[in-house]
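Please keep the sequence and the model in view while reading.

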Amino acid sequence: MNTAKLFMILGVALLAVACTDPVQRNVESLNNLVGEVENNSANLTAEDWEAIEAEFERLSADIEANYDTMTPEQQQAAMQAIGRYYGELTKHGLNDLVKDAKKMFKSIPSFVEGFGDAFNEE
């Protein structure tokens with residue numbers, strides 16, 4: 001998924017909630033962003049993740065700044081979305097860790113052979 005397409009989807013989502021109050025709009029925008037991450041996480045590039053992280057930080061900062069004026073329902077929805085986002089971020093990080101570990105394990109025999117070669121007598 002390219003960054004332009006991601007921003008287009010986010011833009012449409014933002015326009016869809018433009019008629020609501022700013023706090024509700026931020027909560028809905030956050031939910032939309034997290035939904036996009038959940039639906040497309042397997043196809044996101046590093047650049048996509050950077051753009052998403054920047055948007056997430058902006059939205060969560062706005063929510064934090066207005067948290068005391070939010071209704072309990074808005075607070076709950078915002079915290080659930082934030083939790084879902086961090087869950088997806090963790091899952092993404094774990095997937096990357098597994099990929100890196102697989103690469104490392106594939107290279108262990110070559111490493112051990114090279115290490116052993118240092119002790120061979122010539």
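Helix 2 has 19 residues, which at 1.5 Å a residue should span 27 Å, and the distance of 27 Å between its end C-alpha atoms agrees with this. The expected span is 1.5 Å times one less than the number of residues in the helix. Helices here are DSSP runs (H or I, at least four residues; strands are E runs of at least two), numbered from the N terminus.

The model is a predicted one, in which local features need pLDDT of at least 70 and side-chain atom pairs count only at pLDDT 80 or more, while totals for chains, interfaces and linings use all residues. Residues are numbered from 1 along each chain as its sequence is written, and side-chain values use heavy atoms, with hydrogens and water left out.

Several residues of helix 2 are buried, among them Val23, Leu30, Leu33 and Val34. The term buried means under 20% relative accessible area, exposed means over 50%, and partly exposed lies in between (1.4 Å probe, protein chains only).

Val34 belongs to helix 2, which covers residues 22–40, and its relative accessible area is 0%, so it counts as buried. Apart from its neighbours within four places in sequence, Val34 is in contact (heavy atoms within 4.5 Å) with Ala81, Arg84 and Tyr85. The C-alpha atoms of Val34 and Tyr85 are separated by 5.6 Å, although the two residues stand 51 residues apart along the chain.

Arg84 also takes part in a salt bridge, its side chain meeting that of Glu38 at 2.8 Å, N to O. This pair links distant parts of the chain, since Arg84 lies in helix 4 and Glu38 in helix 2, 46 residues apart. A salt bridge is a side-chain nitrogen of Lys or Arg within 4 Å of a carboxyl oxygen of Asp or Glu, and the count by this rule is 4. Both partners are partly exposed, Arg84 at 29% and Glu38 at 32% relative accessible area.

Other salt bridges lie within a single helix. In helix 3 (residues 46–65), Arg58 and Glu55 are 3 residues apart, about one turn of the helix, and their side chains meet at 2.9 Å, N to O. Arg58 is partly exposed at 38%, whereas Glu55 is buried at 16%. In helix 4, Glu88 and Lys91 form a salt bridge of 3.2 Å, N to O, and they too are 3 residues apart, so about one helical turn separates them. Glu88 is buried at 10%, whereas Lys91 is partly exposed at 42%. Salt bridges with shared partners also join Glu55, Arg58 and Asp62 into one network.

The surface has a nonpolar patch formed by Met104, Phe105, Ile108, Phe111, Val112, Phe115 and Phe119, with about 790 Å² of accessible area together. Patches consist of residues with over 30% relative accessible area and no salt bridge, like charges being joined within 9 Å and nonpolar side chains (Val, Leu, Ile, Met, Phe, Trp, Tyr) within 5 Å. Accessible areas come from the Shrake-Rupley method with a 1.4 Å probe, and for residues only the protein chains shown count as cover. Phe111 lies in helix 4, which covers residues 72–117, and is exposed at 59% relative accessible area.
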